[in-house]
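Trainee: I'm new to this one. Could you walk me through it?
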Amino acid sequence: MATLLLRLAAPLQSWGSSSKFEIRTTEKMPTKSGVVGMLAAALGLRRDADLARLNALKFGVRADREGEDITDFHMAHSEKSSYVTYRHYLCDAVFLAGLEGEEELLKELEVALHNPQFPLFLGRRSCPPTLPVVMGIRNLPLETALRKEAPLTEKHENLLRIQIETDNSDAGMIQDMPISFNPARRVYGYRRIREDFVEYSQNETEHDAMQELG
């Protein structure tokens with residue numbers, strides 16, 4: 001198996017897994033549903049497309065910079081009332097995401113991400129990624145690739161959090177496996193994840209999340 005590595009970085013990201021109604025939260029790490037949605041957009045898939053091929057990819061992520069949780073609010077209006085909605089974002093976060101699977105599919109995804117059919121975004125349409133998104137394909141298992149890849153930021157924590165998809169029945173569960181993106185009936189299943197840490201040495205240069213938007 002090989003692993004396609006992605007760089008998920010932007011001034012703002014938001015990765016919801018259980019958000020409903022007026023409060024839209026974000027997970028501390030990118031969700032599989034959000035990344036599969038980005039892959040589907042790159043491939044030009046419609047919202048009623050079969051996602052089985054993408055869901056079969058083993059997913060993992062490393063937090064090179066976890067970012068700060070910030071809250072924005074929006075005033076929503078209807079014919080009879082108005083109300084405030086709260087939306088949470090990760091500010092200045094940088095993640096290394098990995099997708100393990102057959103190399104033929106990974107190469108197809110790599111090409112699509114370089115030439116996306118629909119706009120790419122990190123969890124919400126208001127969160128476009130900075131470039132580069134694609135780090136390349138590594139001929140390594142997922143966890144090994146995430147551990148061996150050099151940090152994406154010059155200043156980072158000594159211990160970087162890693163979250164890996166697993167079949168271990170003792171692992172925690174999250175409801176972010178996209179079964180259907182159809183707006184008429186969105187369906188998400190559960191998957192198991194475990195967390196660990198990888199140690200890197202610390203450098204001094206600051207990372208500037210805005211430098212690639214210029």
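Predicted model: local features only at pLDDT ≥ 70, side-chain atom pairs only at ≥ 80, totals over all residues.

Mentor: Residues are numbered from 1 along each chain as its sequence is written, and side-chain values use heavy atoms, with hydrogens and water left out.

Trainee: Which pattern does the protein chain follow along the sequence?

Mentor: Helices (H or I, at least four residues) and strands (E, at least two) are DSSP runs, numbered from the N terminus. The protein chain has four helices and nine strands. Read in order, they give β-β-α-α-β-β-β-α-β-α-β-β-β.

Trainee: What radius of gyration does the protein chain have?

Mentor: The radius is taken over C-alpha atoms, and the globule rule is 2.2 Å times the number of residues to the power 0.38. For 214 residues, that rule puts a compact globule near 17 Å, and the chain agrees, with a value of 17 Å.

Trainee: What share of the residues count as buried?

Mentor: Buried means under 20% relative accessible area, exposed over 50%, and partly exposed in between (1.4 Å probe, protein chains only). Of the 214 residues in the protein chain, the buried share is 43%.

Trainee: Is Lys-32 buried or exposed?

Mentor: Lys-32 sits in helix H1 (residues 32–43). Contact means heavy atoms within 4.5 Å, and beyond its neighbours within four places in sequence, Lys-32 touches residues including Leu-54, Phe-59, Glu-165 and Asp-176. Its relative accessibility is 1%, so Lys-32 counts as buried.

Trainee: And what is the relative accessible area of Leu-120?

Mentor: Leu-120 is in the loop between H3 and E6. Leaving aside neighbours within four places in sequence, its contacts include Met-38, Ala-41, Leu-113 and Pro-128. Leu-120 counts as buried because its relative accessible area is 13%.

Trainee: Which peptide bond is cis, with omega near 0 degrees?

Mentor: Most residues other than glycine have a negative phi, and most peptide bonds are trans. Look in the loop between helix H3 (103–114) and strand E6 (134–138), where Pro-132 lies. The cis bond there runs from Leu-131 to Pro-132.

Trainee: What phi does Asp-92 have?

Mentor: Asp-92 belongs to strand E5 (residues 82–101). With 22% relative accessibility, it counts as partly exposed. Asp-92 is not a glycine, yet its phi is positive, at about 60 degrees.

Trainee: What volume does the second largest pocket have?

Mentor: On a 1 Å grid over the protein atoms alone, a pocket is an open set of points where a 1.4 Å probe fits, with protein on both sides within 12 Å along at least five of seven lines; lining residues have an atom within 4 Å of a point. Grid points are joined across faces, edges and corners, and a volume is the space filled by probe spheres set on the points. For the second largest pocket, that comes to about 150 Å³.

Trainee: Which of its eleven lining residues are closest to the centre?

Mentor: Strand E3 (58–65) and strand E7 (159–166) each supply at least two lining residues. Closest to the centre of the second largest pocket are Asp-64, Arg-65, Lys-155, His-156 and Glu-157.

Trainee: How many charged residues does that lining have?

Mentor: Ala, Val, Leu, Ile, Met, Phe, Trp, Tyr, Cys and Pro count as nonpolar, Asp, Glu, Lys and Arg as charged, and the others, Gly among them, as polar. The lining has three nonpolar and two polar residues, and the charged ones number six.
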